[in-house]
Amino acid sequence: MRIPIVDGRPDVPASLVDDFAPSLITGPEHHLCPGCGHPVAMRAVADVMLDLDIARPSIAVLGIGCYTMYSGGMDIDTVQALHGRAPSLATGVKRMQPDALVFCVQGDGDMVNEGLQEIVHTAARGERVTALLLNNGVFGETGGHMTATTVLGQRTKNTLDGRDAALHGFPIPVANLLAQLEGAVFVARGAVNNAGNVARTRRMLARAFELQKAGAGFTFVEILTMCPTGWFVDTREAPAYLGDHLASAFELGVLKDVSAPA
Amino acid sequence: MSSVVLSRGTVVIKTDMCKGCELCIDACRPGVLQMTTDERNHKGFLYPVLSPGCTACRACAQICPDFVFQVWKFDTPVDETIDAEVS
Amino acid sequence: MPRRLMDGSEAIAEAMVAAGCRFFAGYPMTPFTEVLEHMARLLPAVGGACVNAESELEAVGMAWGAAATGARAATGSVGQGISLMQESISEATRGLIPFVVLNMSRGQADYFQATRGGGHGDYRTPVLAPVDITEAVELVQRCFHLADEWRNPVVFYGDYYLAHTQESVEVTRIDFPPLPPKDWSVDGTTSATGAARLVSPLALAKSADHEDTSGLAGYGAHLRQVGLRIAEMEAGIEPLAETGFLDDAEYVVVSFGTAARYVRYVVGLLRDEGLPIGFIRPITLWPFPNEVVARAAETAKALAVYELNLGQMVDDVRLAASGRAPVQFIGDITLDGSGFGISPDYDVDRLRDRIRAAYAACLSEVS
């Protein structure tokens with residue numbers, strides 16, 4: 001029942017619907033774990049930028065985490081920041097290059113632990129940048145420890161019995177926090193654990209970028225990503241784990257859209 | 001004799017890029033992807049292989065963390081039925 | 001612009017704008033706050049941006065981001081606030097990111113912070129310390145030139161007196177030698193061209209005169225290359241110092257900044273009394289004017305360091321003297337009730353007595 005693997009284009013008339021990698025991602029081979037959700041999210045970002053034809057001029061500001069391997073791995077002008085500092089760098093970048101699409105990519109440890117102050121102020125100021133949060137509830141790169149978004153019950157390296165509110169406090173739903181700030185004009189939370197969520201997340205990204213181009217204000221898309229390694233689950237179980245544990249604690253959907261009809 | 005299976009598209013699979021995460025298997029809507037059972041790529045991972053019936057929905061390409069898939073849509077659906085005796 | 005009586009804060013701000021600074025971010029802190037105030041007033045009019053950052057940490061981050069786009073950018077604070085910026089300042093040297101950091105310090109106890117840095121890794125920043133507002137107007141412009149020439153953060157070391165006293169100054173733009181275009185900076189237009197650029201402290205793109213520093217193994221090579229630039233800056237930046245009465249000086253007092261304003265005046269008075277005393281005023285605290293100090297140490301009986309701290313620049317003077325002459329520390333911290341660096345010791349009579357007594361004590365020890 002198995003079809004021989006085609007090398008190159010099919011030998012019947014056909015059109016290419018989706019290439020291996022978007023042209024904006026120049027280093028498709030990475031060393032991230034099997035089943036990692038970060039590349040899925042980055043692909044969605046790149047695809048949306050190409051679909052909307054907004055890749056030039058654009059400037060990415062990257063934080064520090066597993067996704068930092070995209071620093072230098074994208075055909076996008078990039079400024080690499082210190083842990084937590086991407087929003088302030090993005091502010092400086094956008095103030096000097098207001099016509100460029102400026103977006104940050106940070107993990108939850110970077111943005112919600114180290115850099116919570118920066119993202120809140122950047123949103124409050126209504127800086128016309130788009131901040132993207134790749135949220136998997138762990139400090140992946142340093143070994144899988146608890147972050148400020150680790151959900152209750154989630155096993156991590158230092159909450160092996162599951163995060164316990166009495167011992168470790170509660171997770172911060174940062175997208176919900178930011179949605180309350182007037183400077184934030186679009187706030188959404190998506191996920192990449194299945195194709196349907198990827199499609200919905202792409203629509204969120206498109207809306208966020210469009211609103212930035214329109215000069216409306218600060219836009220934010222939180223993207224729940226799989227981390228089977230950090231979650232101690234099989235790669236095939238990770239999408240369900242995300243849905244059952246992360247997406248239940250952090251509601252998916254558009255939390256705020258000032259441009260939506262009332 | 002096998003029943004006719006029309007494929008609306010196909011995928012090119014870079015088997016050596018695969019890390020065996022199997023996200024594509026569950027993502028594939030018509031369920032035409034299956035992991036190998038014995039064959040492994042040069043990294044040591046099992047990898048997906050395609051059966052007839054692909055709809056070019058792109059779900060595999062969208063969900064794959066390792067950008068293993070290239071998706072093609074046929075101009076006209078192709079009968080990719082494989083004769084049971086031949087395979 | 002015409003000569004007029006100006007606060008140092010305003011003059012420095014005007015000079016920064018004249019030098020082409022188009023981005024500034026800062027957090028209010030005495031005695032730096034007025035610099036931020038003036039930049040907020042001046043920058044919008046020239047198409048620049050001034051952001052009232054919510055913390056010093058964010059201020060330096062914003063300057064970093066602005067500088068990455070090729071703009072001339074600066075931030076500032078006071079010692080304690082500069083402490084908060086240390087990670088960014090030191091890391092920026094690894095990304096070859098040029099911006100100017102103003103320390104309008106409280107006294108002179110941030111010498112180590114400015115010249116050694118409290119950041120991580122092997123790094124240095126050029127440090128310029130003006131003695132008065134007129135010199136500050138020139139030096140702050142030089143800071144931007146040095147930052148761009150060496151692609152490194154540069155520290156401007158001022159203080160309360162500089163910020164909050166007035167002088168009659170004329171702020172004119174100084175034309176420095178031309179610099180190459182910033183073909184490393186990002187403005188978004190090289191995205192999606194196959195030649196997108198990266199401004200990163202983690203690795204430099206491979207280029208003809210650098211080994212490939214991609215990947216973890218290359219990171220060590222990257223750090224070594226960044227470290228080599230310290231030697232390049234030391235060799236390539238001319239150390240500046242003002243000196244007086246050195247030819248026959250038996251006793252040389254070394255001081256910087258506002259303290260040196262008093263010291264050079266007092267040394268003049270002591271000369272009138274017939275005492276063979278001279279002075280050295282380092283202007284570049286890094287690179288330190290080692291040769292000037294070494295030459296003085298060859299002929300003088302002793303060097304004395306007067307600074308408003310508990311002994312910081314004295315270390316550099318000792319290093320430069322290399323044992324040719326003893327080096328004494330005759331400084332101290334004295335502050336008024338404000339704690340902002342206004343010192344009762346910045347007083348001609350007190351300083352004259354102090355130096356005279358130190359010289360006398362030195363004579364009895366050395367002879």
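A residue counts as buried here if 20 or more other C-beta atoms lie within 10 Å of its own, as exposed if 12 or fewer do, and as partly exposed in between, with C-beta atoms placed from the backbone. The model is predicted, so local features need pLDDT of at least 70 and side-chain atom pairs count only at pLDDT 80 or more, while totals for chains, interfaces and linings use all residues. Residues are numbered from 1 along each chain as its sequence is written, and chains are lettered from A and ligands numbered from 1 in the order in which they are written.

Most residues other than glycine have a negative phi, and most peptide bonds are trans.

Start with chain B. B:Ala56 isn't a glycine, yet its phi is positive, at about 55 degrees. It sits in the loop between strand 3 (48–50) and helix 2 (59–63) of chain B; helices (H or I, at least four residues) and strands (E, at least two) are DSSP runs, numbered from the N terminus. B:Ala56 is buried, because 20 other C-beta atoms lie within 10 Å. B:Arg58, also not a glycine, has a positive phi of about 75 degrees. The loop between strand 3 and helix 2 of chain B holds B:Arg58, and this arginine is buried, with 20 other C-beta atoms within 10 Å.

Chain C brings cis peptide bonds. One joins C:Thr30 to C:Pro31, with omega about 5 degrees, and C:Pro31 falls in the loop between strand 2 (21–26) and helix 2 (33–42). Another links C:Trp286 and C:Pro287, with omega about -5 degrees; here C:Pro287 belongs to the loop between strand 13 (284–286) and helix 11 (290–299).
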